[in-house]
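Notebook open, structure loaded. I want to go through the charged pairs, then the core, then the surface.

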Amino acid sequence: MDLRPFGFALAFSVTASAVQGQIPEGMDEGAFEPHPQAEEAISRLYSPFCPGFMLEVCTASQSASLRDSIHALAYQGWSSEELVEWMIGNHGEEYRAVPETSGWGVFAWILPPLAILAGAALVTVAVRRFRPPADVRGEREAGADPAYAGAGISPEEQERLRSAIREIELSEDPSF
């Protein structure tokens, strides 16, 4: 007979009774004051019970129990870093909402600003590349028609094009 399920149940009941008795002295059960270290840790974690939600806003009862456990550990003197590492150790690295500032987590802090700078550089290069040449900009300032500027069209040819376009428009325009 396998006794592992009974061992798990015994360990859970002992742990649950130990955590239950961790309400700080002088506080009623209804007048719970959140611990600042626990609040900081909770704000840096995703909920393992509500995919895509932060632990602090998840409404699942398991998340409420997890928040209570984190508060209980904070009242025992655990720091916010220790609380985050405890939660990550129990549930997995994917629930860390704020990337680490060491190791591979540094890339999560470095890459977004680099991507923004690269995008700004690409936009600058594109704007400079697609800008009309200086002689064309000069013609526009001199009063030439901007629709024909830079095309190397003489004023006589421009007038012929305008009249041809007018004829096409009139032939296509139905008179009702």
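I started with R162 and E159, whose side chains meet in a salt bridge at 3.6 Å, N to O. My salt-bridge criterion is a side-chain nitrogen of Lys or Arg within 4 Å of a carboxyl oxygen of Asp or Glu. Both R162 and E159 lie in helix 7 (residues 155-172), 3 residues apart, about one turn of the helix. I take helices (H or I, at least four residues) and strands (E, at least two) as DSSP runs, numbered from the N terminus. R162 is partly exposed at 29% relative accessibility, and E159 is partly exposed too, at 40%. For these labels, buried is under 20% relative accessible area, exposed is over 50%, and partly exposed is in between (1.4 Å probe, protein chains only).

A note on what I am looking at: this is a predicted model, where local features need pLDDT of at least 70 and side-chain atom pairs count only at pLDDT 80 or more, while totals for chains, interfaces and linings use all residues. Residues are numbered from 1 along each chain as its sequence is written, and side-chain values use heavy atoms, with hydrogens and water left out.

Next, the other charged pairs. I count 6 salt bridges in the structure. Side chains of opposite charge can pair when their charged atoms come close. R96 pairs with E85, with the closest N and O atoms 3.2 Å apart. R96 sits in the loop between helix 4 and helix 5 and E85 in helix 4, so this bridge ties together parts that are 11 residues apart in sequence. R96 also meets E93 in a salt bridge, at 2.5 Å from N to O. Buried or exposed, I asked of R96? R96 is buried, at 12% relative accessible area.

Then I looked up R44, which is linked with E40 and E81 in a network of salt bridges. R44 is in the loop between helix 2 and helix 3 and is buried, with 16% relative accessible area. I listed what R44 touches beyond four places in sequence: M54, S80, E81, V84, Y95, R96, A97 and V98. Contact here means heavy atoms within 4.5 Å. So R96 turns up again, this time because it falls within that 4.5 Å contact limit.

S47 was next, in the loop between helix 2 (36-42) and helix 3 (61-75). S47 counts as buried, at 2% relative accessibility. Its side chain makes a polar contact with the side chain of S63, at 2.7 Å. By polar contact I mean a pair of N or O atoms within 3.5 Å; within protein, one must be able to donate a hydrogen and the other to accept it, and residues adjacent in sequence count only if both atoms are side-chain atoms. Apart from residues up to four places away, S47 touches F53, M54, L55, C58, S63 and Y95.

I checked S61 as well: it is in helix 3 and exposed, at 53% relative accessibility. S61 and F49 are 12 residues apart in sequence and 8.8 Å apart in space, C-alpha to C-alpha.

Now the core. Which residues have the most contacts inside the largest nonpolar core? They are L45, L55, I70 and L83, in a core of 14 residues. Helix 2, helix 3 and helix 4 (80-91) each supply at least two residues of this core. A nonpolar core is a set of buried Ala, Val, Leu, Ile, Met, Phe, Trp, Tyr and Cys residues joined through side-chain atoms within 4.5 Å. Leaving aside neighbours within four places, I70 contacts A38, I42, L45, L55, L83 and W86.

On the outside, I found a nonpolar surface patch of V98, W104, F107, W109, I110, L111, L114 and L117, with about 870 Å² of accessible area together. Patches take residues with over 30% relative accessible area and no salt bridge; like charges are joined within 9 Å, nonpolar side chains (Val, Leu, Ile, Met, Phe, Trp, Tyr) within 5 Å. I110 is in helix 5 (residues 106-129) and partly exposed, at 38%.

Last, the totals. I get 7 helices and 0 strands. Buried residues make up 19% of the 176 residues. The accessible surface is about 13,100 Å², 60% of it belonging to carbon and sulfur atoms; areas are Shrake-Rupley with a 1.4 Å probe, and for residues only the protein chains shown count as cover.
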